[in-house]
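Subject: Structure for you to look at

Hello,

Here is the structure we spoke of, with its sequence. My notes on it follow below.

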Amino acid sequence: MIGLIVHELATNAIKHGALAAKGGRVEVAWSVSRLEGADMLEFRWREHTTLANACSVFSDDGFGSVLLRRAAPAQLRGKAELALTGEGLLYRLEVPVP
């Protein structure tokens with residue numbers, strides 16, 4: 001599932017987001033921390049784009065949005081945050097580590 005999430009984020013960054021124009025970049029980070037007695041993985045994807053209209057192509061009901069906001073967190077028993085900022089897309093996924 002994590003591979004599908006990264007694929008979706010990368011594809012959209014190349015087509016519409018930070019990687020669609022010169023000067024854009026993507027930061028990817030993850031960490032594992034102990035929260036309420038369980039190990040939790042936090043995955044973060046942050047885009048920094050030079051495109052003024054990069055966020056205007058985002059659809060709330062498209063395949064990618066449904067995958068990132070609902071399907072992946074449900075499958076992985078976690079929670080997700082997907083937001084558009086002035087710099088580009090921000091995605092955060094928090095899931096328990098088995």
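W45 has Y91 as its bridge partner in β4. This belongs to the pairing of β2 with β4, which is antiparallel and runs over seven bridges; strands count as paired if DSSP finds at least two bridges between them. Helices (H or I, at least four residues) and strands (E, at least two) are DSSP runs, numbered from the N terminus.

This is a predicted model, in which local features need pLDDT of at least 70 and side-chain atom pairs count only at pLDDT 80 or more, while totals for chains, interfaces and linings use all residues. Residues are numbered from 1 along each chain as its sequence is written, and side-chain values use heavy atoms, with hydrogens and water left out.

The sheet

The sheet is open and has four strands, in the order β1-β2-β4-β3, with antiparallel pairing. β1 (25-35) and β3 (79-84) are at the edges with a single partner strand each, so one side of each has no neighbour in the sheet. From one strand to the next the twist averages 10 degrees.

β1 and β2 (residues 38-48) are joined by eleven bridges, and R25 has its bridge partner in β2 at H48. Of the eight residues of β4, six are buried (under 20% relative accessible area; exposed is over 50% and partly exposed in between, with a 1.4 Å probe and protein chains only).

The helices

α1 (residues 2-15) lies across β1, β2 and β4 (89-96), at about 10 degrees to β2. Angles run from 0 to 180 degrees between N-to-C directions, with axes fitted to C-alpha atoms, for helices over the stretch in contact. α2 (residues 63-76) also packs on the sheet, where it touches β3 and β4, and its direction makes about 165 degrees with that of β3. Contact here means heavy atoms within 4.5 Å.

α2 has a kink of about 30 degrees at R70, shortly before P73; the bend is the angle between axes fitted to the seven residues ending at a residue and the seven starting there. Its buried residues are G64, S65, L67, L68, A72 and P73, and their cover includes α1, β3 and β4. R77 follows α2 and has a positive phi, near 55 degrees.

H48

H48, in strand β2, is buried at 12% relative accessibility. Its side chain makes a polar contact of 3.0 Å with that of E27 (N or O atoms within 3.5 Å, one able to donate a hydrogen and the other to accept it; residues adjacent in sequence count only if both atoms are side-chain atoms). Leaving aside residues up to four places away in sequence, H48 touches A18, G23, G24, R25, E27 and E87.

Salt bridges

The whole structure holds seven salt bridges (a side-chain nitrogen of Lys or Arg within 4 Å of a carboxyl oxygen of Asp or Glu). E94 and K79 form one of 3.8 Å, N to O, between β4 and β3 and 15 residues apart. K79 and E94 are also bridge partners. E94 is buried at 14%.

R92 pairs with E81 at 3.5 Å; R92 is partly exposed at 24%, as is E81 at 37%. E94 and R92 meet in a salt bridge of 3.4 Å. A network of salt bridges links E42, R44, K79, E81, R92 and E94.

Regards
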